[in-house]
Amino acid sequence: MLIAPVPAAAANYSHHHRPAASVRMVVVHATEGSYDATVSWFRNPRARAAANYVVGRDGRIAHMVPDNEVAWHAGNGYVNAHSIGVENEGYTAVDGTFTDAEYRASAQLVGSLLQRYRIAADRTHVIGHSQVPDPFHRGEFGGWAHHTDPGAFWDWTRYMAYVRDYRAGRTPPPRPIDVTIPDLELGQTVTGLVAWNAVATGEAVDHVDFIVDGVVRASVTSEPYTWAWDTSLEKKGRHILTVRAVGIDGRSAIATVVVESNTPPPAAPGVSLPPELPPFVGTVALTPNLDGRVVRVELWIDGAVAQTVDAAPWTLTWDTSTVTPGEHTLAIRAVGPTGKAGAAVTLVQVQAPPSPVPAPRRR
Ligand SMILES: [Zn+2]
């Protein structure tokens, strides 16, 4: 267990030295952001809040408020006075953001606190922030601000088994199957092509799914479990990246990070046609000038699609004998990888083919 003293700002807790007998429970929280952001917020005097500990997804722990001082974390003065607050890096509303390394580090910390303060390792004494009574409204919970952390995705069964093991001086066994995303951190800003790796441990793995915002994008059946995620095909901003490792016996594990893409999505492709098109006769070939990434080019004649091309060379052909001679509207539409399209429209003249030379009459 790696615990670093990282003192919170003095303004964020009460400097009231409590006796050991006052510590009667542990309140479990979720940070709703990265470890670094949480630690720096608790070091900011404007926060007017802090927890005694912050646990990271990699298992490191910041000790921010001494155990014998009252940290402001629960939104209830009585609970603050009698508890130790433990923040865990992750999101209440996103499945898979808490890691096994984090559950173990947090449980080892809490197990040792329970032992030191002679507190039972049960859910009466290890509670979620969501279980803290609202001090001002009877029957409401989550402290005065009605927090819901750590939420339904916090695995209490696993956590309490770990807490009981560590409190009893045992190391909990490894999970039957687990998966991690070693190269991406919670809240990380990503750009361009992201090499997204998953590392699976435990039983033999049948496949690993790569899931973006809830949609499976790739399923990889052999190591290395990796998939290149092209952020230029996504909206700029927040994305939820989940890997799911499925074992050969069907058991599975997930891991999730929330990242921020700063890659602007590609602009619509540019399309242009030569300024002067000669009158069209017979079957004509047209190659538009294209700019940007293109996945499909469509030829439209008089408002209807006449041809679609899905690969370069983006050459379109049009049999003008299918229309009456005269003026027609020709449009070329180029569609980019995100569905954005550019178009060029022009009027063209279609001429009737010259009349064939009449065959000599037979006598
Ligand atoms: Zn909380």
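A residue is classed as buried if 20 or more other C-beta atoms lie within 10 Å of its own, as exposed if 12 or fewer do, and as partly exposed in between, with C-beta atoms placed from the backbone. The structure is a predicted model, in which local features need pLDDT of at least 70 and side-chain atom pairs count only at pLDDT 80 or more, while totals for chains, interfaces and linings use all residues. Residues are numbered from 1 along each chain as its sequence is written. Helices (H or I, at least four residues) and strands (E, at least two) are DSSP runs numbered from the N terminus.

Helix α1 spans residues 35-42, and its buried residues include Y35, T38, V39 and F42. These residues lie on the same side of α1, because they cover an arc of only 95° around the axis; the arc is that of the directions from the helix axis to the C-beta atoms. An α-helix has 3.6 residues a turn, so residues three or four places apart point the same way. Among the elements covering the buried residues of α1 are β4 (53-55), β5 (60-63) and β7 (83-88), where contact requires C-beta atoms, placed from the backbone, within 7 Å.

Helices α3 (residues 100-117) and α4 (residues 156-167) pack with their axes 8 Å apart and at an angle of about 50°. Axes are lines fitted to C-alpha atoms, for helices over the stretch in contact, and angles run from 0 to 180 degrees between N-to-C directions. The angle therefore makes α3 oblique to α4, since angles under 35 degrees count as roughly parallel, over 145 as roughly antiparallel, 65 to 115 as roughly perpendicular and the rest as oblique. On the α3 side, the contact includes Y103, A107, V110 and L114, and on the α4 side Y159, Y162, V163 and Y166.

Strand β16 (residues 252-261) is largely enclosed by the rest of the structure, because 7 of its 10 residues are buried. Two strands are taken to pair if DSSP finds at least two bridges between them. Strand β15 (residues 237-247) pairs with β16 in the antiparallel sense over 10 bridges, and V246 has S252 of β16 as its bridge partner. The two strands β15 and β16 form a hairpin with 4 residues between them, and G250 in the turn has a positive phi of about 95°. Strand β10 (residues 189-190) runs parallel to β16 and is joined to it by 2 bridges, with V190 opposite S261.

An open sheet of 3 strands is arranged in the order β9-β11-β14 with antiparallel pairing. Its edge strands, β9 (177-180) and β14 (225-230), each pair on one side only. Strand β9 pairs with β11 (residues 193-202) over 4 bridges, and I177 has G202 as its bridge partner in β11.

Terms used: Contact = placed C-beta atoms within 7 Å.
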